[in-house]
Structure formats: structure tokens, C-alpha cells
Amino acid sequence: MKITAAAVKTEVARLADPARATFLQRFFRTGKGEYAEGDLLLGLTVPQQRTIAKHFRDLPLPEIEKLLRSKFHEHRLIALILLCGRYERAYGDSEQREELHQFYLQHTAWVNNWDLVDASARTMVGEHIVPAQYALLDRLAESDSLWERRIAIVSTYASIRKGELAPTFRIARRLLHDHHDLIHKAVGWMLREAGKQSPAELLEFLEKHYARLPRTTLRYAIERFPEARRKLLLRGEFGT
């Protein structure tokens, strides 16, 4: 088997499912005026794409770039799966990891749907940066790009997993003014994850910013609380 982007595309084409692609075009909001306008899908499942990535795990970086720049969604997701896998296998090689991290940041224009962000941001940004580099998250959070803003908050999941909640609260605070529903959902998701580590810190954040919190963000953030408590929190009643 040739290890090239063209070979990957051939395998993707073999598994293409036009009926499923039609459904996915609606699911990923690819219509005119929608957030993923113009994105094209071929109808593969995520497990199928992960299997392809496994078979092509040694694809050279220039070939990964060809996939990442493709107009087809599945090509880009496979590229990101490959990139994350390469980053994880480079454990202990700080130079190679830095190269891959910078490659990712230089190609965020093609990390342009929520699933692409969610499959890659934690590894390619969150796992890489140290506290001294949190200014990168600030810059991404202030980006005009919806997807870079989502990268900023989703990447903090790596810090949450280490018990470090400050980056999540920091970026969530910066994104309180954001008007896009996909950001509201991502912020709420990460706040919920932070709350698993420290419910008290989550409640403190929610109470402090209650007046500015998008309703979707609040609902996502409090999903793990008992129903009766959720009703109180939705009304802004934070007393125990």
C-alpha cells in the first residue's frame, strides 16, 4: 500500500455513502448562510475514518497537509487524527512536538467545523502549552475565526484533566461576550468538566458572571447537578 494522500483519498472514495452524506450535509450545517457553508461530505462514519487513519499512520507530514487542505470534510478529519497520533507518539521529542504544534496553528483555517476542533484542539494545543503560554489561548479566544475561538476553550480540557482549572475559567470569561451558539455550547461543556473537579469553583464562577452568561452555556454547565438544584441555578439562586 502506498503511503500517500492520494491513497487515503482512494480509500475514502471506496467507502463513500451518498445517502449518509446528504444527511451529514444537513447535520453539519453546510447550507448557504450556515456556519459550515460549502463544506462537502462523502458519508463515512467516524470509526471508518479512524480505521483509515490507523492504516496510514506513517503518512508524511506534507501528505497530511494535502489532506488537511481538501474540500472534503472526511479528508480533513483523517488528517487531524493522523496529526494527533503523530504528536502523541512523539512523546519525549520536544522539537518534533513543537513542529507539529506550530503546523496545527498555521492550518487552523482548515480546522473548520466543531467536530474537527473537538478531535484535535486538546492534543495539538491543550497538551502542548504550559502556563507561560496561556497568552496563546487569549489570542485564539479573541480571534475573528469562530473555529479558533472554539479551539481556545476546548483545548483547556487538557488542563482540566490535570486538575488545572484556571485556564478554563480564564478563557470562559473571555468568551462570555461571544454571540455564537457553538461557543456557548463549548464554554458550557468545559465549565461542566471543570465542575466535575471542583463544583465550588464552578458555582463561584457562575454566580459571579450569571448576568452575562448565555442561557445555553449555563444549561450545559449545570447538567450534572440534581434537577431541583438546576432549576434554582437557572433562576440565579446560588444559595445552598
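**Spaces, rings and a helix**

Modeller: Let's start inside: the largest cavity is lined by Ala-172, Leu-175, Leu-176, Ile-183, His-184, Val-187, Pro-214 and Thr-217. Keep in mind that this is a predicted model.

Biologist: How many cavities of 30 Å³ or more does a search of the whole structure find?

Modeller: The search turns up one. The space in the largest cavity is about 30 Å³.

Biologist: And which helix gives the most to the lining of the largest cavity?

Modeller: Helix 12, with three residues. By class, that cavity's lining has six nonpolar residues, two polar ones and no charged ones.

Biologist: What about pockets? What volume does the largest pocket have?

Modeller: The largest pocket comes to about 260 Å³. It has 13 lining residues, and those closest to its centre are Tyr-35, Trp-114, Arg-150, Leu-182 and Lys-185.

Biologist: Which helices each supply at least two residues of that pocket's lining?

Modeller: Helix 7 and helix 12 (181-197) do. Helix 12 supplies the largest share, five residues.

Biologist: How does the lining of the largest pocket split by class?

Modeller: Seven of its residues are nonpolar, one is polar and five are charged.

Biologist: New topic: rings. How many aromatic pairs are there?

Modeller: The count is eight aromatic pairs. One of them joins Phe-28 and Trp-114, which sit 5.5 Å apart centre to centre with 35° between the planes, a tilted pair.

Biologist: Where in the chain do Phe-28 and Trp-114 lie?

Modeller: Phe-28 is in the loop between helix 2 (18-27) and helix 3 (46-55), while Trp-114 belongs to helix 7 (residues 114-126).

Biologist: Last topic, helix 3. Which of its residues are buried?

Modeller: Gln-49, Ile-52 and Ala-53. Looking down the axis of helix 3, the buried residues fall within an arc of 100°, so they line one face of the helix.

Biologist: Why would residues a few places apart point the same way?

Modeller: An α-helix has 3.6 residues a turn, so residues three or four places apart point the same way.

Biologist: What covers the buried residues of helix 3?

Modeller: The cover includes helix 1 (5-14) and helix 5 (73-89).

Biologist: And which residues are exposed on the other side of helix 3?

Modeller: Pro-47, Lys-54 and His-55 are exposed there. Lys-54 has a relative accessibility of 66%.

Biologist: What separates the C-alpha atoms of Lys-54 and Tyr-210?

Modeller: A distance of 44 Å, and 156 residues along the chain.

Note on methods
Residues numbered from 1 in each chain as written. Predicted model: local features only at pLDDT ≥ 70, side-chain atom pairs only at ≥ 80, totals over all residues. Heavy atoms only, no water. Phe/Tyr/Trp six-rings, centres within 6.5 Å; stacked < 30°, edge-to-face > 60°. Helix = DSSP H or I, 4+ residues; strand = E, 2+ residues; numbered from the N terminus. Buried < 20%, exposed > 50% of the residue type's maximum accessible area, 1.4 Å probe, protein only. 1 Å grid on protein atoms, 1.4 Å probe; cavity = no way out; pocket = protein on both sides within 12 Å on 5 of 7 lines; lining within 4 Å. Points joined across faces, edges and corners; volume = space filled by probe spheres on them. Nonpolar A, V, L, I, M, F, W, Y, C, P; charged D, E, K, R; others polar. Arc of directions from axis to C-beta. Contact = heavy atoms within 4.5 Å.
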